[in-house]
Amino acid sequence: MKGTVLYGPGDIRFEDREDPKIAAPTDAILRLSATCVCGSDLWPYRGLQPIDGPTPMGHEYCGIVEEVGSAVKFIKPGQFVVGSFATSDNTCPHCLYGYQSSCMHREFMLRAQAPFLRVPQAEGTLVATPGVPSKDLVPSLLAASDVLGTGWFAADAANVKSGGTVVVVGDGAVGLLGVLSAKQMGAGRIIAMSRHEKRQKLAREFGATDIVTERGDEGIARIKDLTKGIGADSVLECVGTKESMMQAIHSTRPGGYVSYVGVPHGVELDGQQLFFTHVHLHGGPAPVRRFLPKLIDLILNGAINPGKVFDLALPLDQVAEGYRAMDERRAIKALLRP
Ligand SMILES: [Zn+2]
C-alpha cells in the first residue's frame, strides 16, 4: 500500500509502505473509510516541532475491521469502528478513572493517513457502531476520532454547565467543535473568538451567541465587557500558544474553569500571576475513548453534525494538498478518502 510520510518542513510524500500486519494478539487491522489532516500535524509540517527522520503521519481514523488478533473477542471483522488517537486497554486504573489517553498501555497512533491501519489494544481502543453507517455519516464519525472528542473534553474539563457563560479561544476544528459541545451541554452564552468569516459562520451554526475578533489584551477586555466585568464561567483554550493560554486564563472569572487541549508550544505560566487569578486549570490529550459511545449515539441520532468542519475532501493520494490548504488556512480541515 501507499501511505503518508513527512520528510521535513513542507515535505509530505505519499509513498510505498509495508502493509500493516497483526503484530500482537490484541491488534486489529482496519480498512479505513476516511482519515484526515489534524491541526497538530501542522506543527511538524511547519518545522515548529522537530521530527526524527521520515515520520509516518495520521492519527484520526474510522473504517471496517479486516482482521483481529487471537485475544480480540468483541471487535469483529466486518464491523465499522471508530478509535481514538491514543490507544487504551480500557481496563487499567487510569482508564477506569476516565483518562484513557493516559492508559498504562497507551500508544499514540501514527500512520493513519493510509488505506490500512494496525490498531493496538483494539478491544479497549475501538468502538463499533450498531451497523455499517451510511456514507454521509462517515465525516461526522471520523470527527469523533479526535476533533469532536477533543472539543467535547475541552467543554467537559472547563466544567460547562447549563446556563453558564463559555468562551472558546481558537477557531480551528477543535475550537468550533468545542462550541458545538458547549451548546449540547446547555451553555447559556457561547462567545467564540475568531477573526475568520467562514469560521465565525460555522461557530454560529454550532451555537455561538457572540463573536469576538480582538485578541490578546483587547480580546480579554472585550470578554470582560460582554460579562459585566466578571469574566466567563468556562473558557476552552484550543490553540496551544502562550498568547491563547493567557487570553483564556484572563478571560475567566475568579473560581471559573480553563481547559486547555491545544498541544502547548512555548507556553510558560507565572506562578504568582496564576495564584491571583483563582482559576481551575485542567487539560491534556483528550481521553476521547471516554466520550466515544455517547458521541457516536449523538451522531447516529442526527442530534449533531460535527462533520461540517471538513470543508475540503480529497482523494488520499492528494494528501500533500490537504496539508497545504490547512497550512494556508484555505481549509478548516481536510478529509482524505482512501
Ligand atoms: Zn488503560
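Predicted model: local features only at pLDDT ≥ 70, side-chain atom pairs only at ≥ 80, totals over all residues.
**Zinc site**

Four residues coordinate the zinc ion: D89 through OD, and C92, C95 and C103 each through SG, at 2.1 to 2.3 Å. Along the chain these donors are spaced as D-x2-C-x2-C-x7-C. The arrangement is tetrahedral because the angles subtended by the four donor atoms around the zinc ion are 93 to 121°, and four donors count as tetrahedral if all angles lie between 85 and 135 degrees.

**Aromatic pairs**

The whole structure holds four aromatic pairs. Among them is the tilted pair of Y45 and Y323, with 5.1 Å centre to centre and 40° between the planes. Y45 lies in helix α1 (residues 42–45) and Y323 in helix α12 (residues 319–327), so this pair ties together parts 278 residues apart in sequence. Both Y45 and Y323 are buried.

F85 and F108 form a stacked pair, at 6.5 Å centre to centre and 5° between the planes. F85 sits in the loop between β6 (80–83) and α2 (93–96), and F108 in the loop between α2 and β7 (116–119), 23 residues apart. F85 counts as buried at 10% relative accessibility, whereas F108, at 46%, counts as partly exposed.

**Arginines over tyrosine rings**

| Arginine | Ring it lies over | Distance from the ring centre |
|---|---|---|
| R13 | Y7 | 3.7 Å |
| R290 | Y99 | 4.9 Å |

How values were computed:
Residues numbered from 1 in each chain as written. Heavy atoms only, no water. Donors = N, O, S within 2.8 Å, 3.2 Å for Na, K, Ca; no water. Tetrahedral: all angles 85-135°; square planar, octahedral: opposite > 155°, others 65-115°. Phe/Tyr/Trp six-rings, centres within 6.5 Å; stacked < 30°, edge-to-face > 60°. Helix = DSSP H or I, 4+ residues; strand = E, 2+ residues; numbered from the N terminus. Buried < 20%, exposed > 50% of the residue type's maximum accessible area, 1.4 Å probe, protein only. Lys NZ or Arg CZ within 6 Å of the ring centre and 35° of its normal.
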